[in-house]
Amino acid sequence: MIINLFPLFLITFISTETIQIKKHKPMDNQTCLECGEKIVGRSDKKFCSDACRNAYNNKQNKTISNYMRNVNNRLRRNYRILSESNTEGKTKLTRSKLESLGFDFDYITQIVTYKNGSQYFYIYDKGYKFLDNDWILIVNKNS
Ligand SMILES: [Zn+2]
């Protein structure tokens, strides 16, 4: 019995040691996300100073803003193209015509599928639906 239990205890001991080593290692190598300096202190710290935290967060926010600005610009351009192309409330245009005006089909704000199964893509209150061949029907929402 003793012979059988002893190795089990040893294995348990060794694996506990290994886990502790693995847990401690990253703490020793923790570096600041902004400047890459070694961080002294708590293992969950990501920055060496408040200045680095602020600099890092400002960059993150700027990245998000630039991305959002690009998306907003594309949406605005799409909206303008649909508005200018559709002065009668409802009109038909070809897909190639819309593309030649700079319309980007990747940017919409909403997809609405009506009970009759027809699907409209909206940029705010300006929408369109794909018709046969190259044709597209442009509409205003609620009209
Ligand atoms: Zn730093």
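**Hairpins, core and confidence in a predicted model**

A hairpin with two residues between its strands is formed by strand 3 and strand 4, and Y124 in the turn has a positive phi of about 55 degrees. Strands here are DSSP runs of E with at least two residues, helices are runs of H or I with at least four, and both are numbered from the N terminus. The model is a predicted one, in which local features need pLDDT of at least 70 and side-chain atom pairs count only at pLDDT 80 or more, while totals for chains, interfaces and linings use all residues. Residue numbers start from 1 along each chain as its sequence is written.

Strand 3 and strand 4 (residues 126-130) run antiparallel and are joined by three bridges; two strands pair if DSSP finds at least two bridges between them. Within this pair, I123 stands opposite K126. Strand 3 (residues 119-123) also runs antiparallel to strand 2 (residues 110-113), with four bridges between them, and here Q110 stands opposite Y122. The hairpin of strand 2 and strand 3 has five residues between the strands, and G117 takes a positive phi near 95 degrees.

I123 turns up again in the largest nonpolar core, whose nine residues also include L93, F103 and Y128. Such a core is a set of buried Ala, Val, Leu, Ile, Met, Phe, Trp, Tyr and Cys residues joined through C-beta atoms within 7 Å, where buried means 20 or more other C-beta atoms within 10 Å of a residue's own, with C-beta atoms placed from the backbone.

As for confidence, pLDDT (the predictor's confidence in each residue, from 0 to 100) averages 84 for the protein, and 79% of the residues score at least 70.

How values were computed:
Buried ≥ 20, exposed ≤ 12 C-beta atoms within 10 Å, placed from the backbone.
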